[in-house]
Amino acid sequence: MKTEILYRKGYYGEFGGAYIPEILYNNVHELESYFLDVLSSPDFKKEYDHLLKEYVGRPTPLYHAKNFSEKYKATILLKREDLNHTGAHKINNAVGQALLAKRLGKKRIIAETGAGQHGVATATVCALMNLDCAVYMGQTDIERQAPNVSRMKMLGAKIIPVHSGSRSLKDATNEAIRDWMNNTEDSYYLIGSVVGPHPYPDLVARLQAVISEEIKYQLTEKFNRSSPDYVIACIGGGSNAAGAFYHFIDDANVKLIGVEAAGKGIHSGLTAATLAIGKPGIIHGCKTYLIQNADGQITEPHSISAGLDYPGIGPLHGNLFKTQRAQYLSATDEEALEAAMELTRKEGIIPALESAHALAALQQLQFRKEDIVVVSLSGRGDKDLNTYINHLNY
Amino acid sequence: MNNRIEKLFQNKDRDIISIFFTAGYPNYNDTLEIVEALDSAGTDLMEIGIPFSDPLADGKTIQESSSKAIANGMTLSNLFDQLITLRKKTQKPVILMGYLNSVLQYGIEAFYAKCHECGIDGVILPDLPIEEYEMEHKHLAEKFNVIVVFLLSPLSQHNRVEQVKKAAKGFVYLVSSNSTTGNEIKNSHQLEEVIPRFNLNLPVLIGFGIKDKASFETACKAGNGAIIGSEFIRRIGQSENIKSTTEQFINELKHQS
């Protein structure tokens, strides 16, 4: 797989690596030494596959959206990650990493969350597996994703509000990493996206790869072909996109489209479109593109969608962008809201605001009528009802 | 080439006081005033922090001083403008400490060249991997006579210690406990065990969690001295007079119990 070609260990092309303080060296090194063996061990696979099927509810449908297909004049298929237990793709990763943490003998899980979907997924698996759970969440996100905060509390997680910086995902990640530094021996950091120091981007991508694995065989069953013409997914850190792209990266016939959050517009100063305006640097222990000023200070991003409100991007995407293997578009807050409304009214599915960015890209692409287009519907919109109601005037 | 850090350890091998502070804090123009105050108060070594928006290894005090310094207008390039007259203020060794992203955006070669021009003797970048140091920094640091200092923690294992020993120069920065800056030292006895186990060929300064005479003495019993950051920053953050606050703080470390 091209995804595994590394010019040195832990890198995708020139991106990735582990830029971490010495205190974390042992933990990161321990994880790096064990994760591949654990992931490929028969007992892990058996338990992981069983939980994905019976607990998460996989495989998720690859739904042929007929009304959307008619409108966009191509076969539009929705990969229904929104139908997973807890409402998004995040649970695929949380289940896998929690099983890994148990095998490393850890008793306490630390997580960061933006939209709250990763926090909810982590709190859920911690309840299931009897692990202590601390979730860091920016104060801004706590306010705009209130239902998820309540869910996490009900599941027994301790929510730690973060007041530094923009009080959103970037700052929650800093605090989660600091907690890990202060509790290296008993705690496992369960990161929610394909970001952070190696091996996390690789680990999370492998756990999300189930998305493209299913797309492959579902296409074979339904359309007698194993690859689509397009895969479209939204990108904050980029975990659902990494999972949806994973098994198609080596197949040059599949167009891979990532959709960033443009916020108020990519040149408005209020954006989270990292690849559009960012430069390579270091964020959260990883060399990748990030939104920063000339002095290297990381700038506060903006997106209406808390899950995409991140000033960096996974190194896998950095490399797919640099090598032009994937194309990266962006959608504004406004366009995402419209796309969400359109899916709701045409297909009867209320998407998460994150996923609505992927849907918004359909307008920007020219399809042939025989094209098969898979859109990763990464999550459901229950958590965003307040935002929808405020913006759409009900 | 002689480096002031190496010279310091040739002349003194115990009770070394190294003070860390954030450039541009509490006020933009305080950087050199603090250098002068530390010099006359009898500090052996100074570490000037390059403010960064996302200082992962730092606790609240240094985080807040960093944000304030950035809000005051401090940047790496402005800091170098201030430091151009550094050697008129002190002849003691001075180290710049910060995060790798600041250096990458400034330009690696330009950074070491400017350090040399200002008379900076060493650099500490806690998130710089040793492999990357060897590929992209070492030849430039050597060319410009700047020592890159590496860190170890009490949990560092044999292979890691050997890797650091090979790359390290000047001294080794031993993190007192597994935590971010500004927390209490958890196990002081651990320090006395780890230093002999590491069998280092360089002096050791102990940092993170040193804040008063008692913790300073604990550190000095185990290593060659200590690095104090958060507590000093807290003091000058509340200070009316940098010079007298600094003198009093160093005095407390040395004498008063």
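A: **Chain B in its setting**

Chain B contains 13 helices and 8 strands. Its radius of gyration is 17 Å, close to the 18 Å that the globule rule gives for 257 residues, so chain B is as compact as a globular protein of that length. All of this refers to a predicted model rather than to an experimental structure. Along the principal axes, the C-alpha trace of chain B spans about 45 × 45 × 35 Å. Of the 257 residues in chain B, 62% are buried. When contacts between residues at least 6 apart in sequence are considered, 75% of those in chain B join residues at least 24 apart.

Ala214(B) belongs to helix H11, which covers residues 213–222. Its relative accessible area is 51%, and because the cut-off for exposed is over 50%, Ala214(B) counts as exposed. Glu240(B) is found in the loop that links helix H12 (230–237) to helix H13 (242–254) of chain B. With a relative accessible area of 83%, Glu240(B) is likewise exposed.

The account now turns to the side of chain B that touches chain A. Here, 41 residues of chain B are in contact with 34 residues of chain A. The two chains bury about 2800 Å² between them, and 48% of that area is on carbon and sulfur atoms. Three residues, Asp54(B), Leu56(B) and Gln105(B), supply 24% of the area that chain B buries against chain A, which is more than any other three residues supply.

Polar interactions also join the chains. There are 20 residue pairs in polar contact between chain B and chain A, counted where both residues have pLDDT 80 or more. Across this interface, 3 salt bridges are found. Lys287(A) and Glu132(B) meet through their side chains in a salt bridge, with 2.9 Å from N to O. On the chain B side, the elements that give two or more residues are helix H3 (60–71), helix H4 (76–83), helix H6 (100–106), helix H8 (130–143), strand E5 (147–152) and helix H9 (158–167). Of these, H6(B) gives the most, with 5 residues. By class, this side of chain B has 18 nonpolar, 16 polar and 7 charged residues.

Chain A comes to 16 helices and 14 strands. For its 394 residues, a compact globule would have a radius of gyration near 21 Å, and the 19 Å of chain A agrees with this. The C-alpha trace of chain A spans about 55 × 45 × 45 Å along its principal axes. Buried residues make up 67% of chain A. Among contacts in chain A with a separation of 6 or more, 73% are between residues 24 or more positions apart.

In helix H9 (residues 200–208), 8 of the 9 residues are buried, and the helix is mostly covered. Among the buried residues of H9(A) are Tyr200(A), Asp202(A), Leu203(A) and Gln208(A). Helix H13 of chain A (residues 315–322) has 6 of its 8 residues buried, so this helix is largely enclosed by the rest of the structure. The buried residues of H13(A) include Pro315(A), His317(A) and Leu320(A). Following H13(A) is Gln324(A), which has a positive phi, near 60°.

Asn84(A) lies between strand E4 (75–80) and helix H4 (90–103) of chain A. Its relative accessible area is 0%, so Asn84(A) is buried. The side chain of Asn84(A) makes a polar contact of 2.9 Å with the side chain of Glu81(A). Leaving aside residues up to four places away in sequence, Asn84(A) touches several others, including Val56(A), Arg58(A), His89(A) and Arg380(A).

Notes: Residues numbered from 1 in each chain as written. Chains lettered and ligands numbered in written order. Predicted model: local features only at pLDDT ≥ 70, side-chain atom pairs only at ≥ 80, totals over all residues. Heavy atoms only, no water. Contact = heavy atoms within 4.5 Å. Buried area = accessible area lost by both parts, 1.4 Å probe. Salt bridge = Lys/Arg side-chain N within 4 Å of Asp/Glu carboxyl O. Polar contact = N/O pair within 3.5 Å; in protein donor to acceptor, adjacent residues only side chain to side chain. Helix = DSSP H or I, 4+ residues; strand = E, 2+ residues; numbered from the N terminus. Nonpolar A, V, L, I, M, F, W, Y, C, P; charged D, E, K, R; others polar. Buried < 20%, exposed > 50% of the residue type's maximum accessible area, 1.4 Å probe, protein only. Rg over C-alpha atoms; globule rule 2.2 N^0.38 Å.
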